[in-house]
Structures are given as C-alpha cells and as structure tokens.
Amino acid sequence: MSKPAADAPVDLAAIPQRTLYTGARMPAIGLGTFGSDHVTANEIAESVKGAAAVGYRHFDCASVYGNEPEIGASCEEILRGGIRRNDLWITSKLWNDKHGEDDVIASCRQSLADLRLRYLDLYLVHWPFPNFHPPGCDAASRSPDAKPYVHENFMKTWRRMEELVDMGMVRHIGTSNMTIPKLKLLLRDARIKPAVNEMELHPHFQQPELFKFVLDNGMQPIGFCPIGSPGRPERDRTPEDTAPTEDPAIVNIARRHGIHPAAVCIKWAVQRGQTPIPFSVHHYRANLEGIVSDPLTSGEMRAIAAIDRNCRLIKGQVFLWKEGQSWEDLWDLNGEITPP
Ligand SMILES: NC(=O)c1ccc[n+]([C@@H]2O[C@H](COP(=O)([O-])OP(=O)(O)OC[C@H]3O[C@@H](n4cnc5c(N)ncnc54)[C@H](OP(=O)(O)O)[C@@H]3O)[C@@H](O)[C@H]2O)c1
C-alpha cells in the first residue's frame, strides 16, 4: 500500500469522538488557541486554518485570548472552503469580568460576531471567580474588587448561560476550573447541566478524583495544558513545576513509538478518555497523526498512570480575593468550598 502524502489530511473517520449527554458528538482532540502572550493572533489564526486542512474540527477559543476576530476570519474561510458548519466544534468562554447578569448574553453575542458564527457548540464559564485582572498581569497582581466563589452569584451567571441555550446561541454550556464541591452545587441547581468541565490534565497532573467525578456525572473532561504548557507565560511558572515531556517514562515511550514526547502526552490523554486541546502552531499535524497511529499498550498506559505528581501548573493566583491566602485556597483541597 502506498503511504499517504505528507500533506494529505488525516483520516477523519479515525479521529475518536466523545458523545455528550445530549447525544452530540465532539471530536476527542481540539486545537488550543491561547498564544501565551508570545504567539500573535494572526499566527494562531493561520494555525486554525492549517489545522482544519489536516483534519482538526474542534477549536478551543475564548474572548480573553484576544484573537477571536482573527480566528473568525479563519472560520469563515474554512466554511467557504467546503467544510460544513455542523462538522465543526467551536468553543468559546465567558471571561471573569462578564459574570454580571446583563453581561453574559452580550459577551456571547460579541464572541459570535468576532468568530463570524451563528451559534457556538460550547460556551464555558472560564473561571468560577468573577475577578477581573488586566491581561498579561503578573502572579502577584490582585484586583481590589476580587470576590470569593459565592454559589448564589454563580447561579445567576449560570441562569444566563442556560438562556443562551434556549435562545439557540449555544448548543451546550459547561464549566472550567471547577472543583468537586462547586460542581456538586451546580449539578444540584442547574436546569441545564454542564456538558463538560475543562480542567488542567497532563501526565504530571492527572486529577483522578475530579476526572472520575466528571465522567460519573455524565460530563466530559476537556484537558487543557495537555503537554504541560512549555510555552506558558512567566507568571504561571514556579520553581516546583515539572515538565511531563521530560519524564523518563514519557521519553522512553516516545522513543519506542518514534514520536515526540508531546505526542505521547496527547495519545495518553485521548486513550484515557479526556479530550485534550493542545495548542500548536508548528506541531498540530503530528499531534493529530499521533492519536490515529498505533495505540499505547496497556503497560504504557499503566506506566504513565504511575507518574502523576499532582503538579498543578495553572495555579490561578490572580483570582485570590484576600491577603495572606495561597493558591491552594482556590481549589477546595479539603473537599469544601473555601470560606470567604
Ligand atoms: N480553561 C482554561 O482556563 C485554560 C487554561 C489554559 C489553557 N487553556 C486552553 O488549553 C490550550 C492548551 O494549553 P497550553 O497552550 O497552555 O499548553 P499545551 O497545549 O500543553 O502546550 C503547548 C505548547 O506545546 C508545544 N507543542 C505542541 N505539540 C508539540 C509537539 N508535538 N512537539 C513539540 N512541541 C509541541 C507548542 O509548540 P508549537 O506551537 O511550537 O507547536 C506549544 O508551545 C490553550 O491554548 C487554551 O486553548 C484553557
């Protein structure tokens, strides 16, 4: 059999899909679009087009990434090129300064206008904290108006999210950066329950408990920073952080399969049952090819399960709401929502 040409698209039928509780199918890999403050909006918009050409159909966007207008031009071109809208999966997210009851619908409308779409497949509340900080600020930056998580307030935001579904502006709604105690309250009170929870997931931060909770409650886990975010901004780096792509277990498996350690992280993520959304302007093709090539063995899957280091990279310090707190307070580590 002749080998497919180097620029031929990956076989779409081979790309795994996740079935959401609504019955909708979401591609089990998406392209991340946060340029970490050093990749320009135009470069990312080019990657979106390039990724669609090789077979990506799922794109993880957000208003705060500051590039939805450029990505919108790419979406228009992709659709004009013959890919049907219902074969694309486009996610966007409500930023933290738009949790107000009058802001949610307007903010979604703006993302739709920027992305040049009539509807989104998925709209997420980006963080459960309504705390605004300027883009690019450092980890020590605190908003004087920062607030803790207050469930009644979050539900006011969620009611507007539900309205977006009623209005046909979005097909699914979901959460991001939630914890089990917060999700329990939301699942109790939601009229339309979240279809997904987007969360940090990579071999050094596997979050087994939250991962299981999300699946057991009929949601899909979408995994951000699936490669360990090697290009993340300085403000998201601490000396304790580790790099999954440098882990000997990952490096050995990569050598065995003849692929980059980053591609091993993506293969593992898809095989484990999460939906990774790797960012890439140079390697998106390799990541997609990786998930349709020979799978990791059960021994390799076990070897990766054993290297979890509980190493959270995106700690969220800027969301802290009072002096003297540490980032752990954002993540309800003792099983209860951290009191105000
Ligand atoms: N919901 C949230 O709060 C949240 C938070 C963080 C991130 N996210 C989303 O998750 C996405 C992914 O996270 P991320 O961008 O922080 O990190 P990531 O996907 O873990 O890492 C991206 C980096 O890995 C490199 N890379 C990708 N594939 C590679 C390969 N096969 N070989 C070598 N290097 C490779 C990329 O370089 P090249 O560009 O050179 O290929 C880029 O520097 C974001 O873009 C965003 O959409 C969401």
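A residue is buried if 20 or more other C-beta atoms lie within 10 Å of its own. Isoleucine 29 has 31 such atoms within 10 Å, so isoleucine 29 is buried. The model described here is predicted.

**The largest nonpolar core**

- The largest nonpolar core has 76 residues, and the members that touch the most other members are Val48, Tyr123, Cys265 and Ile266.
- Isoleucine 266 has contacts beyond four places in sequence with Ile29, Pro226, Pro276, Pro278, Asn287, Gly290 and Ile291.

- Isoleucine 29 lies in the loop between β2 (25–27) and β3 (31–32).
- Beyond four places in sequence, isoleucine 29 touches Ile15, His58, Ile266, Val270, Thr275, Pro276, Leu288 and Ile291.
- From isoleucine 29 to serine 141 the C-alpha distance is 33 Å, and the two are 112 residues apart in sequence.
- Alanine 269 belongs to helix α8. Alanine 269 is buried because 26 other C-beta atoms lie within 10 Å.
- The contacts of alanine 269, leaving aside neighbours within four places in sequence, are Leu201, Gly223, Pro226, Gln274 and Pro276.

**How the helices pack**

- Two packed helices are described by the angle between their axes and the distance between the axes.
- The axes of α8 and helix α9 (residues 284–292) are 9 Å apart, and the helices pack at an angle of about 45°. That angle makes α8 oblique to α9.
- The crossing of α8 past α9 is right-handed. The residues of this contact are five nonpolar, two polar and one charged.
- On the α8 side, the contact with α9 uses Ala263, Ile266, Lys267 and Val270; on the α9 side it uses Ala286, Asn287, Gly290 and Ile291.
- The axes of α7 and α8 cross at roughly 95° and come within 8 Å. The two helices are therefore roughly perpendicular to each other.
- From α7, the residues Ile250, Val251, Ile253, Ala254 and His257 meet Pro261, Val264 and Cys265 of α8. By class, this contact of α7 with α8 has seven nonpolar residues, one polar residue and no charged residues.
- Helix α1 (residues 41–54) and α2 have axes that come within 8 Å and cross at roughly 25°. Angles under 35 degrees count as roughly parallel, and α1 and α2 are therefore roughly parallel to each other.
- α1 passes α2 in a crossing that is right-handed. In this contact, α1 supplies Ala41, Asn42, Ile44, Ala45, Val48, Lys49 and Ala52, while α2 supplies Glu70, Ile71, Ala73, Ser74, Glu77 and Ile78.
- The contact of α1 with α2 divides into eight nonpolar, two polar and three charged residues.

- Most residues other than glycine have a negative phi.
- Arginine 116 is not a glycine, yet its phi is positive, at about 60°. Arginine 116 sits in the loop between α3 (104–115) and β6 (122–125).
- Arginine 116 is partly exposed because 16 other C-beta atoms lie within 10 Å.
- Serine 229 also has a positive phi, near 45°, in a residue other than glycine. Serine 229 is placed in the loop between β9 (220–224) and α7 (248–257).
- With 23 C-beta neighbours inside 10 Å, serine 229 is counted as buried.

**Glycine 66**

- Glycine 66 is part of the loop between β4 (58–60) and α2 (68–80).
- Glycine 66 counts as partly exposed because it has 16 C-beta neighbours inside 10 Å.
- Apart from neighbours within four places in sequence, glycine 66 contacts Ala41 and Pro135.
- Between the C-alpha atoms of glycine 66 and aspartate 332 there are 30 Å, and the two residues are 266 residues apart along the chain.

Methods: Residues numbered from 1 in each chain as written. Predicted model: local features only at pLDDT ≥ 70, side-chain atom pairs only at ≥ 80, totals over all residues. Core = buried A, V, L, I, M, F, W, Y, C linked by C-beta atoms within 7 Å. Buried ≥ 20, exposed ≤ 12 C-beta atoms within 10 Å, placed from the backbone. Contact = placed C-beta atoms within 7 Å. Axes fitted to C-alpha atoms, helices over the stretch in contact; angles between N-to-C directions. Helix = DSSP H or I, 4+ residues; strand = E, 2+ residues; numbered from the N terminus. Parallel < 35°, antiparallel > 145°, perpendicular 65-115°, else oblique. Left-handed = near helix turned anticlockwise from the far one by under 90°. Nonpolar A, V, L, I, M, F, W, Y, C, P; charged D, E, K, R; others polar.
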